[in-house]
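Subject: Structure handover

Hello,

The structure is pasted below, and my notes on it follow. Please read them alongside the coordinates.

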Amino acid sequence: MTDISYVRLLRDLLNFGKQTPGTLTVSAGLAIYCNTGFLLMTTTTNRSPYRRVLLKISGESFCREGESGISMNELSSVAGQIRDVVQKGIQLAIVCGGGNILRGKQFADISQSIVPSTAHYMGMLATVINGLALQDALESAGVQTRLQSAIRMEGVAEPFIRRRCLRHLEKGRVVILAAGTGSPFVTTDTAAALRAREIDAEVVLKGTKVDGVYSEDPLRNPHAIRYSDITFREVLSQNLQVMDAQAMHHCMEHNIDIIVFNYKRVGNIARVVAGERIGTRVSNEPRS
Ligand code: UDP
């Protein structure tokens, strides 16, 4: 083989292992014999169809079933799952909710002296508390992170700046997006949909306690049917619970798929990112 052929072969092999958005990256471990001896090449395994994803985890991920506050066990379990995803080279941004601490609407409804907008700001601050906890849990699991907040609070978090967020993602850091949109009267579902578009995420992964979108609440009706694929229009016309309506409309309009799945089953975040057909995919055109 000529030197030129070696160069071509090496170039082709390197391209073979390169990660390209929307394609499979194939794991390769190759030993090539050339004039100068054996050259050992390895690439990492990444079978994800995604390059960048946005994961929405609600406040209930931070506490035990039926409880509130923050449980270190729940937090470590989610952090471990996230570490496994990041190790595969996926760019991951996380929008965290705050319902384990406070939801603005519920709080405003039961309090006489706190006006609704204040209650919603309190809810947004709850997401920052969760973000701080998740950041430390991830860092102690060996994952590099940045916490960005939509409400400025430089002492604890960077401000959300799109270009800076993208830079962190490109460097392999998990970016935790806290304080929702920074504006009251919406939820972190809406924040997830808006941020997904802003950072060019290919999909919104909505972690829930159930296995996907059902015809009825599966916790109340054990005979409810789970959809593996459904369109935004069907979700809206049947009033099915996926994400809040604003988030749904945004994703529908901008053609961002949502995958609803059970993140409580350990390994599911990695499975969904790897393209396994778990949960329910909500899209404009369902898969055939
Ligand atoms: N919130 C808000 N604006 C936002 C995002 C959140 O006002 O852009 C408030 C809202 O009161 C919400 C609370 O923060 O109830 C916590 O977020 P969310 O209810 O979405 O948390 P989750 O249900 O996901 O735990």
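Which helix gives the most to the shell around the ligand? The answer is α4, with five residues; helices here are DSSP runs (H or I, at least four residues), numbered from the N terminus.

Before the rest, two notes on conventions. Residues are numbered from 1 along each chain as its sequence is written. The model is predicted, so local features need pLDDT of at least 70 and side-chain atom pairs count only at pLDDT 80 or more, while totals for chains, interfaces and linings use all residues.

Confidence

The protein chain has an average pLDDT (the predictor's confidence in each residue, from 0 to 100) of 87, and 83% of the residues score at least 70. Residues 1-7 fall below 50, and this stretch has two contacts in the model beyond near neighbours in sequence. Residues 9-44 stay under 50 as well, with 29 contacts beyond four places in sequence. Two residues are in contact if their C-beta atoms, placed from the backbone, lie within 7 Å.

Ligand shell

There are 23 residues around the ligand, and Gly97, Gly99, Gly104, Gly123 and Gly180 come nearest. A residue is counted as near if its C-beta atom, placed from the backbone, lies within 6 Å. Two or more residues each come from α3 (104-110), α4 (116-140) and α6. By class, the shell has five nonpolar, 15 polar and three charged residues. In this scheme Ala, Val, Leu, Ile, Met, Phe, Trp, Tyr, Cys and Pro are nonpolar, Asp, Glu, Lys and Arg are charged, and the others, Gly among them, are polar.

Helix packing

Axes are lines fitted to C-alpha atoms, for helices over the stretch in contact, and angles run from 0 to 180 degrees between N-to-C directions.

Helix α2 (residues 72-86) packs on α4 at about 60°, with the axes 9 Å apart. That makes the pair oblique; angles under 35 degrees count as roughly parallel, over 145 as roughly antiparallel, 65 to 115 as roughly perpendicular and the rest as oblique. Leu75, Ser76, Ala79 and Ile82 in α2 meet Ala133, Leu134, Ala137 and Leu138 in α4. This contact divides into seven nonpolar, one polar and no charged residues.

The axes of α6 (residues 188-198) and α8 (residues 245-253) come within 7 Å and cross at roughly 15°, and the two helices are therefore roughly parallel. Asp189, Thr190, Ala192, Ala193 and Leu194 in α6 meet Gln246, Ala247, His250 and Cys251 in α8. Here the classes are five nonpolar, three polar and one charged.

Regards
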